Amino acid sequence: MARIVIVSNRVPIPKARVPAAGGLTVALRDLLIPGAMWFGWSGRLSPEPSLQPALVEARGVTYATVDLSAEAHRAFYVGFANGALWPLLHFRLGLMHYRREDYLGYLGVNRFFAESLATVLQADDTVWAHDYHLLPLGRLLRQQGFSGPLGFFLHVPFVPPSMLEAMPVARELVADLCAYDVVGFQTEEHARDFRDCAQRLLGATVDGETVRLNGRQLRAFADPIGIDAEAFAEEAARSASDKLVHRVAGSLSGRALAVGVDRMDYSKGLPQRFEAYGRLLERHPDHRRHIHFMQICPRSREEVDEYRKLRAELDRLTGRINGRFSEFDWTPLRYSTRPAPRATLAGLYRIARIGVVTPLRDGMNLVAKEFVAAQPDDDPGVLVLSRFAGAAHELDAALIVNPFDPDAIADAMHVALTMPIEERRERQAALKAKVLRTTAAVYCQRFLDALRAPARRLQAA
Ligand code: GDG
């Protein structure tokens, strides 16, 4: 079978004997078979990066990486990808900072990736590119002469035409996506928004999931990403005896644990969530001293201004809530900006009574799925989930909330804390069935099937 070449901004090269754990690595594990290749940025900056990728072999997979110059990385990653595209695709036009030089830098890095990748590509490879950093890569690879199957998956949401049009290079970006053979989205809503954009901005013809433009066609469809739910459930059951989880469980003294786990990002709705917790304690004083909220929030993208501001705001809100409600023997909110080991996370989810997942907008949100997988079936916790996370389309047996409404989140937390065990078990059974069905393996297989479908081969012929 043809070789699979995965392309993403960062490449998670596994360390010897340490099991791979990152989100994308877990999702794509089934593709990391001997013979496969993973291409992307090394994570290193160098003044004159070589076009020839550095090759490292691990468990039969070749990891091919290139360095970037500091200026290229700034314009590409800090400037355009995270300063303009990320806010736009998360409906935050007010935070979108577009600068033409950043866009040119973004194109430059994509061209550099395409030229570098072309030096190691074989004619019959199947290429699968990931996420908003690499929208133009497919078109540029075609310009390099690559003619094999070319797929792209967008991990974040897409937006309707009226919103995309605010981006000065909206047409170029939609045309870039149209250069792929298959484009996958987390939900049907995102896929439909993209097809609408192709129609409205470029005059493409849309027929179901097929988009026709300039004599060629592509498939734009929903392929929701999943986790390895069985493995995660086992890890969670094992981790109940993890030292740190044990210590946390002991420190609860019988109080309920509410847990939130998010990269520190303004799309995750953290200030509203903290505010909601304050409202819960204010409006339901009977919960005071009977609950601990633990927010694990590893810092991310600190090169971008908005992320530094968010950190300062969360520090302030934490101080306000703890200052107002703490008692000498009870601190209501525990907040950590350090990442936790994955096994510890799994154990914390398992002992939690509530999982609070309230992003303002999120492609999928894997934390919601991890929380469900980790719960014990006999005495499960309750998931409070934003209606604007892609996961809400599947996990509709959770308590679904509008994340912009702190009172609604507070109400849902109250319902969760007082929910009878029969209802908790019923909801958990429905949620678990979904998480076990849409797994990482199913996600990969569905995408590859689409990419290798006969229709595409006919078109290429
Ligand atoms: C993007 C899209 C989409 C978090 N803190 C720690 C930690 N994590 C892990 C979680 C989870 C992953 O990171 C985060 O995934 P999410 O899906 O929640 O969010 P993004 O990072 O924004 O991911 C998103 C995803 O891509 C996949 O397509 O679902 O919508 O935005 O796995 O557990 N892991 C460890 N320590 C931490 O402190 N070990």
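The following dialogue examines how descriptions of this predicted model rest on computed values.

Student: What makes the overall dimensions of the protein chain agree with those of a compact globule?

Tutor: The protein chain has 461 residues, for which a compact globule would have a radius of gyration near 23 Å; the chain has 23 Å, and therefore the two agree. Along its principal axes, the C-alpha trace spans about 70 × 45 × 45 Å.

Student: What does the protein chain contain by way of helices and strands, and how many of its residues count as buried?

Tutor: The protein chain holds 17 helices and 16 strands. Of its 461 residues, 57% count as buried. The accessible surface comes to about 18,800 Å², with 52% of it belonging to carbon and sulfur atoms.

Student: How do you know that the span of helix H3 agrees with its number of residues?

Tutor: Helix H3 covers residues 100-118, that is, 19 residues, which at 1.5 Å a residue should span 27 Å. The end C-alpha atoms of H3 are 27 Å apart, so expectation and model agree.

Student: Which residues of H3 are buried, and what covers them?

Tutor: The buried residues of H3 include Tyr103, Tyr106, Leu107, Val109, Phe112 and Phe113, and among them are also Asp102 and Asn110. Their cover includes strands E1 (4-10), E2 (37-45) and E4 (61-68), together with helices H2 (70-89), H4 (137-143) and H6 (170-178).

Student: What does the corresponding check give for helix H10?

Tutor: H10 consists of the 14 residues 270-283, which should span 20 Å at 1.5 Å a residue; its end C-alpha atoms are 20 Å apart, and therefore H10 agrees with expectation. Buried residues of H10 include Leu270, Arg273, Phe274, Tyr277 and Leu281. The buried residues of H10 pack against strands E11 (256-261), E12 (291-296), E13 (333-336) and E14 (354-357), and against helices H11 and H14 (406-417).

Student: Why is Val357 called buried?

Tutor: Buried requires a relative accessible area under 20%. Val357 has 2% and therefore counts as buried. Val357 belongs to strand E14, and, leaving aside neighbours within four places in sequence, its contacts include Arg273, Asn365, Val367 and Leu383. Arg273 is in turn one of the buried residues of H10.

Student: Why is Arg311 called partly exposed?

Tutor: The relative accessible area of Arg311 is 28%, so Arg311 is partly exposed. Arg311 is located in helix H11 (residues 305-325). Beyond its neighbours within four places in sequence, Arg311 is in contact with Met264, Arg299, Glu302, Tyr335 and Thr337.

Student: Asp131 and Asn214 both have a positive phi; what are the values, and where are these residues placed?

Tutor: Asp131 has a phi of about 75° although it is not a glycine, and lies in the loop between strand E5 (126-130) and H4. Asn214, also not a glycine, has a phi near 50° and lies in the loop between strand E9 (210-213) and strand E10 (216-222).

Student: What makes Ile227 buried, and what surrounds it?

Tutor: Ile227 has a relative accessible area of 5%, so it is buried. Ile227 is found in the loop between E10 and helix H8 (229-239). Leaving aside neighbours within four places in sequence, its contacts include Phe232, Leu366, Ala373, Val435 and Ala440. The C-alpha atoms of Ile227 and Ala441 are separated by 8.0 Å, although the two residues are 214 residues apart along the chain.

Definitions and conventions. Residues numbered from 1 in each chain as written. Predicted model: local features only at pLDDT ≥ 70, side-chain atom pairs only at ≥ 80, totals over all residues. Heavy atoms only, no water. Helix = DSSP H or I, 4+ residues; strand = E, 2+ residues; numbered from the N terminus. Rg over C-alpha atoms; globule rule 2.2 N^0.38 Å. Buried < 20%, exposed > 50% of the residue type's maximum accessible area, 1.4 Å probe, protein only. Areas by Shrake-Rupley, 256 points an atom, 1.4 Å probe, with all protein chains shown as cover. Expected span 1.5 Å × (residues − 1). Contact = heavy atoms within 4.5 Å.
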